[in-house]
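Thanks, everyone. I have one structure to walk through today.

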Amino acid sequence: MDLIGVVARVNTVSFDACVQFASDHVVDGLLMQQPPGIGSAASAGMGLVRRAIITWLFTYLGSILLYFAFAGLDYYVVFVRYKERFVPHYQPNLKEMRREMWLSSWSLLVMAALTTPAEVAFQLGYGKIYHDVSEYGWLYLLVSPILFLVFSDTLIYFIHRGLHHPAVYKYCHKWHHSFIHTTPFAAFAFHPIDGFLQGIAYQVFVFCFPFHATMHLVSLAAVGLWTVNIHDRTTLNIPLVNGAAHHNIHHTTFKSNYGQYFIVWDWIFGTFKDPNGAHKEEKEEDVYGKKNL
Ligand SMILES: [Zn+2]
Ligand SMILES: [Zn+2]
């Protein structure tokens, strides 16, 4: 997932500083049940298993912190401080919010594990992360995040549509759609496989296209924030952009506005629904039929 990727990039940047401590005190001390002294020697030539465990731990801890920071701030601004302006009819439903947080929290743990192989591969020099701007120039540096968004949006659109296929919907994506009227805390409330599949585009991109390490970090932070933002029911009304109002319609109709960042693929394939027009909420059972739920 996007947030997971952010953390993994931070991991890479601060890897040298943190990895020894994590290896000796967390991996050895807690998981492998060895005293730190033994770990110091072992971690000097770190094996794949040790590296993967550390990456997973850091990735999860960081992503959960970012999730609560982004979603908490968004919730405070939209649903508390400026509630009358943005969501005047909102009635807090603490049970649903707790469910959003609980599912996001444990789902991120599994998604972090599923993402770890790709992140370890990046650390070991596979993929196309680069550090020197002169390698591809300033123009490419500035264009690459746009390419990243277009590439990700395209893959996510088709994966997301696939997850809505009646034959598979109930196994994965139904979990996310159990939240009809979302808050920002629903941003990562997925079945872990669903979250992993929808986040895979961010990993694949780095194996296909060169991406500057810092720009990658900034882009991942932005898409993480965006994922939170599209669940807060407000919208910025930017032409061609799939905002929160669009995604709100996705949650209330189940079969329109599948895009993550743009409306282009929805528009091309006739699944676009304009939030400025009238739309009617649909029931999951009516859309999929009892036998598919
Ligand atoms: Zn969906
Ligand atoms: Zn959603």
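A quick definition before we start: a helix here is a DSSP run of H or I, at least four residues long, and a strand is a run of E, at least two long. One caution: this is a predicted model.

With that in hand, take residues 53-80. The span is 100% helix and 0% strand. Its end C-alpha atoms lie 39 Å apart.

Now the whole protein. It has twelve helices and two strands. Reading from the N terminus, the order is α-α-α-α-α-α-β-α-α-β-α-α-α-α. Of the 293 residues, 38% are buried. Take the contacts between residues at least 6 apart in sequence: 70% of them join residues at least 24 apart.

Next, helix α7. It covers residues 137-163, 27 residues in total. At 1.5 Å a residue it should span 39 Å, and its end C-alpha atoms are 38 Å apart, so the two agree. Still, α7 bends by about 30° at Val143. A proline, Pro145, follows within four residues.

Which residues of α7 are buried? Phe148, Ser152, Ile156, Tyr157, His160 and Leu163. Keep the helix geometry in mind: with 3.6 residues a turn, residues three or four places apart point the same way. What covers the buried residues of α7? The cover includes α8 at 192-208, β2 at 211-212, α9 at 213-229 and α11 at 264-268.

On to the cores. The largest nonpolar core has 22 residues. Those with the most contacts inside it are Tyr67, Phe70, Ala71, Leu108, Ala187 and Phe188. Helices α4, α6, α8 and α9 each supply at least two residues of this core. The largest share, eight residues, comes from α4. There is also a second, separate core of 14 residues, with Phe122, Tyr202, Val223 and Tyr258 among them.

Last stop: Phe188. Where is it found? In the loop between α7 and α8. Is Phe188 buried or exposed? The cut-off for buried is 20 or more other C-beta atoms within 10 Å. Phe188 has 30 such neighbours, so it counts as buried. Phe188 and Ser105 are 83 residues apart along the chain, yet their C-alpha atoms are separated by 8.0 Å.

That's my tour. Over to you.

Note on methods: Residues are numbered from 1 along each chain as its sequence is written. Chains are lettered from A and ligands numbered from 1 in the order in which they are written. This is a predicted model: local features need pLDDT of at least 70, side-chain atom pairs count only at pLDDT 80 or more; totals for chains, interfaces and linings use all residues. A residue is buried if 20 or more other C-beta atoms lie within 10 Å of its own, exposed if 12 or fewer, and partly exposed in between; C-beta atoms are placed from the backbone. Two residues are in contact if their C-beta atoms, placed from the backbone, lie within 7 Å. The expected span of a helix is 1.5 Å times one less than its number of residues. The bend at a residue is the angle between axes fitted to the seven residues ending there and the seven starting there. A nonpolar core is a set of buried Ala, Val, Leu, Ile, Met, Phe, Trp, Tyr and Cys residues joined through C-beta atoms within 7 Å.
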